[in-house]
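Hi everyone, thanks for coming. I'd like to walk you through a structure this morning, so let's have it up on the screen.

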Amino acid sequence: MTAPVLADALGPRARRRVLAGSLFAGALLALALVVAYRRLDQRQQFNPVLWRPFIDVRVLRFLGQGLLATMKAATVAMVLATALGGALALGRLARNGPVRWIAGAYVEVFRAVPLLLLILFAYLALPKYGVDLSIFWFLVMGLVAYNAAVLGEIFRAGILSLDRGQTEAAYAIGLSYWQTMLGVIVPQAIRRMVPALVSQLVTLLKDTSLGYVISYEELLRRANITGVTYQNPLQAFAFVAAIYIAVNFTLSRVAVRLEVRQRSRYGATALSITGAGEDLALTDVKATAT
Amino acid sequence: MRIVVDNLGLYLDGMRTTAWLSVLSFTAALIIGTFVAACRVSPVPPLRVAGAVHVEVLRNTPLTVLFVLFYFGFPRIGVAFAATTSAIIVLSAYTSAFVAEVVRSGINAVARGQAEAGRALGLTFPQVLGSVVLPQAMRTVVAPLGSLWIALVKNSSIASVISVLQLAEVADRLNNETARPIPVFLGAAVAYLIITFPSGIAVGVLERRLAVRR
């Protein structure tokens with residue numbers, strides 16, 4: 001835990017006040033926990049019958065497969081969205097007017113539309129036009145369409161955060177536009193974007209739970225099935241919530257770790273994203289250049 | 001496109017629900033989030049821990065999970081609300097975690113000297129935070145808060161999983177009736193853009209107007 005930002009070393013009186021505050025707040029929080037515990041107890045929610053499924057190997061395997069399906073969708077979507085996002089970023093920075101315009105329009109529209117709508121659209125509209133794919137791919141298509149727009153903006157910010165001198169130097173030694181982009185700019189930009197990409201992966205992983213809506217059998221869908229089967233929706237959903245928290249919390253920590261490492265490596269020029277985690281979509285992606 | 005024009009009333013109702021769902025949730029999220037941020041920077045350890053738990057739990061759980069947990073799970077312990085009320089509670093709880101992080105980053109961005117000067121004048125922690133640091137912090141985080149507002153408008157579509165009749169649900173039901181997904185969903189997408197695009201512009205204007213020039 002970091003030191004308080006707004007208070008330096010406390011004096012005797014402030015220490016007494018903090019102690020009193022701690023006792024009061026602690027008592028209040030303890031009271032809330034007791035009330036919650038008693039509520040759960042009164043309603044028989046600690047009944048072992050409701051919790052036993054989660055030590056049953058078959059149930060755990062069932063949910064484990066759901067988690068794998070979640071991870072699979074997230075990974076495939078992340079890889080494809082990264083590729084498409086990279087292309088969009090290059091498109092937005094292209095010298096060719098129409099290319100720039102089309103890439104820009106794609107990004108602006110797709111990041112301003114709810115992801116759920118895109119997934120429903122893929123799932124409900126595409127089959128009518130002869131696109132015959134599994135639910136998995138419809139979910140992935142929705143995720144890719146949206147996240148490519150978001151990642152495109154992250155890429156663009158990454159590229160723009162590089163010092164102009166890099167481009168100028170590359171041109172000076174006679175490299176062409178594409179040689180400069182792919183050989184000099186993009187490799188450096190990618191390294192700076194790694195933390196932002198990991199935080200976006202967390203968002204994407206959470207978003208795969210929308211597969212629930214189109215009955216893709218990922219973790220949440222399977223938790224729902226468990227909850228119906230054993231009549232324990234509260235326990236089932238709380239259990240998968242804990243799994244999501246564990247996975248995402250770990251990933252977020254990795255992102256923070258990477259960002260700190262980058263900042264020490266590149267100084268203040270490391271790419272930092274305000275409000276990282278949630279919807280970088282319309283969050284300003286700022287390169288804090290010195 | 002005929003379908004959209006014929007059902008314009010439904011779309012407008014959906015937009016209205018989406019809009020007020022978002023406005024109420026955002027207001028609540030701002031209040032809760034600012035309070036949680038204040039807890040996290042306070043010198044009182046239990047409050048700091050509680051604030052951190054609030055943020056990490058809510059921001060690492062998918063919104064869809066929160067919706068089903070609250071709407072289908074919580075009635076088991078006697079906590080049951082109508083779908084629309086549930087949607088507002090869940091959306092504001094989820095968004096509050098992100099607001100808290102944004103506000104906290106704003107607080108950290110205010111120059112240390114400000115808080116030090118406040119303390120030198122003999123102000124207590126709540127006074128320093130409330131009348132010196134927070135007013136400055138909020139101005140610097142207008143843009144990220146605006147992004148959260150737009151994210152919230154889009155997230156409100158997930159209320160469809162508990163059948164709240166907002167834009168996304170309107171489109172879904174209309175599609176079930178008419179089986180014409182392309183115009184139906186395109187109409188809904190445009191309706192969302194009608195809310196989100198002007199919001200983006202308004203945030204930009206607000207940001208420029210409130211910017212602290214140093």
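Let me begin with a question: how many residue pairs are in polar contact between chain B and chain A? The count is 11 residue pairs, taking those with both residues at pLDDT 80 or more. That cut-off is there because this is a predicted model, so please keep that in mind throughout.

What about salt bridges across the interface of chain B and chain A? The rule finds 0 of them.

On chain B, 63 residues are in contact with 63 residues of chain A. Together the two chains bury about 5,300 Å² between them, and 70% of that lies on carbon and sulfur atoms. Several helices of chain B each supply at least two residues to the side that touches chain A, among them α3 (45–60), α5 (83–109) and α10 (181–210). The largest share, 10 residues, comes from α3(B). By residue type, that side of chain B divides into 42 nonpolar, 13 polar and 8 charged.

Next, the nonpolar cores. The largest has 115 residues, and those with the most contacts inside it include Leu117(A) and Leu220(A), along with Leu63(B) and Phe67(B). There is also a second, separate core of 10 residues, with Ile159(A) and Tyr177(A) among them.

One last stop: Ala211(B), in the segment after α10 of chain B. Is Ala211(B) buried, partly exposed or exposed? Ala211(B) counts as partly exposed because its relative accessible area is 30%, between the 20% and 50% limits. Its C-alpha atom is separated by 9.7 Å from that of Gln136(B), 75 residues apart along the chain.

Notes:
Residues are numbered from 1 along each chain as its sequence is written. Chains are lettered from A and ligands numbered from 1 in the order in which they are written. This is a predicted model: local features need pLDDT of at least 70, side-chain atom pairs count only at pLDDT 80 or more; totals for chains, interfaces and linings use all residues. Side-chain values use heavy atoms; hydrogens and water are left out. A nonpolar core is a set of buried Ala, Val, Leu, Ile, Met, Phe, Trp, Tyr and Cys residues joined through side-chain atoms within 4.5 Å. Buried means under 20% relative accessible area, exposed over 50%, partly exposed in between (1.4 Å probe, protein chains only). Contact means heavy atoms within 4.5 Å. Buried area is the accessible area (1.4 Å probe) that two parts lose on being put together, summed over both. A salt bridge is a side-chain nitrogen of Lys or Arg within 4 Å of a carboxyl oxygen of Asp or Glu. A polar contact is a pair of N or O atoms within 3.5 Å; within protein, one must be able to donate a hydrogen and the other to accept it, and residues adjacent in sequence count only if both atoms are side-chain atoms. Helices (H or I, at least four residues) and strands (E, at least two) are DSSP runs, numbered from the N terminus. Ala, Val, Leu, Ile, Met, Phe, Trp, Tyr, Cys and Pro count as nonpolar, Asp, Glu, Lys and Arg as charged, and the others, Gly among them, as polar.
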